[in-house]
Each structure stands twice: as structure tokens, then as C-alpha cells.
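This note sets out some points for a colleague who is meeting the structure below for the first time. Please read the numbered remarks alongside it.

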Amino acid sequence: MTRIALCQIPVDHDPKTNLETVRDALARVPGADLAVFPEATLTRFGRGVTHTAEPLDGPFVTGLAEAAREHGVAVIAGVFEPAEDGRVWNTAVALRADGSLAAAYRKIHLFDSFGAKESNLVAPGDEPVVVELAGLRIGLVTCYDVRFPELARALVDRGADTFAVIAAWGSGPLKEDHWTTLVRARAIENTTCTIAVGQAPNPAIPDGFGVGRSMLVDPMGVARHDLGPGPGVLVAEIDPAWTATARATLPSLEHRRLGVDRS
């Protein structure tokens, strides 16, 4: 069994405040093997991200690494890195329990929808990432990415047995319903455990980012845990046998007819 901490935190514009929030959350999950934090844990979305972005050896990720090492827990969290063209990359970092960097995934699909234009500030990544962490092979997915089933399938084809979906999901009509439906859909169609962690709303910053609803979804699409809308930290367990059992019962990945599916 792998013990997973879903860390549904509110995010501030100030990275130092957010790092303290991360530290507080990690202190509340003794015994967890992996703690997952939201997209944009470094700083809240907005035009300021181009000034607040840091390289992966900057103070925020260094602080995350120190906290991971102190508590003996692997960590996944969202940050922003400076990109070459003056924009930033929206990056999910994966740190081992010793604080070393295991992987960094730059968000591929940018949220140019519902009147937003993420690509004004964010440059797209171009490479799916699967990372071995806490005994799992985790495919990394960031927010709007979850609307693209081909990314999840590419991660499974690279050996993912678990998805980690991190988000700063925007509020609005049907948006929360889309989030819960899409997370469960990616789990079902890939018979893959899915850890989905979103920002909690920050009442002091009414910009619409963060609806909560972090979930642990099993390979048959059952939401084993749902944190609801407010801040919270929950430790849950993933049993690797869930995936083996689901894939034996529902071998849809084996039933793909690639020549037909891709024509």
C-alpha cells in the first residue's frame, strides 16, 4: 500500500507564504509516502507570474526539497519556471523523499478557453512525463491537460500505473462538474488510479481560481475520497492490486485496435 496525502491548500501571491503553507501541510501527514499539492503552488495565477517565476534550483523548489527531506515524503507540486521567450513554463515538479528532483513536467495544453488566455503568459511544454516515485509510476497531468484523453493514454503507453492531476481549476457554470467528470473519465478509460489535487479557494483573493474537490479515484472510476470545496489535507491509501484487478476484469487497454483507432 502507498500512503498518499492530498494537500488541498489555498494559494497566495507570495511564494514565502505558500512555502509555509506547504510545510504546515507536510507536518500534518506523518507516515505519508507521497504528498501532492496543486498547480501553481509557487504563486497564484496572474500577470505577476512572469516576475515571480523561479528556476528549479531557486528558493521555492529548494525549500520544497528541504521540507520533503525533513518529513521523509515525496512531493509533487506546481511551480512556474522562466522560459526563454519572456513567458514562463507551468511546471509540475516531482521530488523524492530525500529531496532530490525526480522529474519536471511542463504543461502541454494551455488554458485558452472560457475567456482566459494562459498562453499570453505561459509557454507550452512538449513532452509527456512519467516518474517513478513512492513505489508508483506516475503520469503527470496539469489542469487543462485533463481534457485531453490522448495525453493520459500516452502516459499509460509510457508505463504509468497512476495519474497525478494537479490543478487551479477555475470556477464557473458547470466547471466543477467538468472537473469531477473528467478526472473519473481518465481513470476509467485507462483503468488507472488517479490522484487529483486542486487549489482550495482563497477567500482573500476572489479571482475564481480554485474549486477544491480533490479526489482519489480508483481504476474503475470510483471516487474513494473527495475533499469537498474547502481547505483540507487527507491521507489515503493506494493498493497496487486495484489496478491489476481492474485490468483483468476490464482489459480495455488490451482491446485497442490501433490501426483502426488511429486511422
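Is E39 buried or exposed?

1. At 0% relative accessibility, E39 counts as buried (buried means under 20% relative accessible area, exposed over 50%, partly exposed in between, with a 1.4 Å probe and protein chains only). This is a predicted model, in which local features need pLDDT of at least 70, side-chain atom pairs count only at pLDDT 80 or more, and totals for chains, interfaces and linings use all residues. Residues are numbered from 1 along each chain as its sequence is written, and side-chain values use heavy atoms, with hydrogens and water left out.

2. The partner of E39 is K107, and the two form a salt bridge whose closest N and O atoms are 3.2 Å apart (a salt bridge is a side-chain nitrogen of Lys or Arg within 4 Å of a carboxyl oxygen of Asp or Glu). This pair links distant parts of the chain, 68 residues apart: K107 is in the loop between strand 5 (101–106) and strand 6 (122–123), and E39 is in the loop between strand 2 (34–36) and helix 2 (49–52). Helices (H or I, at least four residues) and strands (E, at least two) are DSSP runs, numbered from the N terminus. K107 also counts as buried, at 1% relative accessibility.

3. The structure holds 17 salt bridges. One of them joins the side chains of E237 and R3, at 3.8 Å from N to O. E237 belongs to strand 13 (residues 232–238) and R3 to strand 1 (residues 2–8), 234 residues apart. E237 is partly exposed at 35% relative accessibility, and R3 is partly exposed at 30%.

4. A UniProt annotation from an unreviewed entry, "domain: CN hydrolase", covers residues 2–240; such annotations may be inferred rather than shown by experiment, and their positions are given in the numbering used here, with feature names shortened. Over residues 2–240 the chain is 23% helix and 30% strand, with the end C-alpha atoms 8 Å apart.

5. R213 and E176 meet through their side chains in a salt bridge of 2.6 Å, N to O. R213 lies in the loop between strand 10 (193–198) and strand 11 (215–217) and E176 in helix 5 (residues 175–190), so this pair ties together parts that are 37 residues apart in sequence. E176 is partly exposed, with a relative accessible area of 33%.

6. Finally, a network of salt bridges links E20, R23, E66 and E70.
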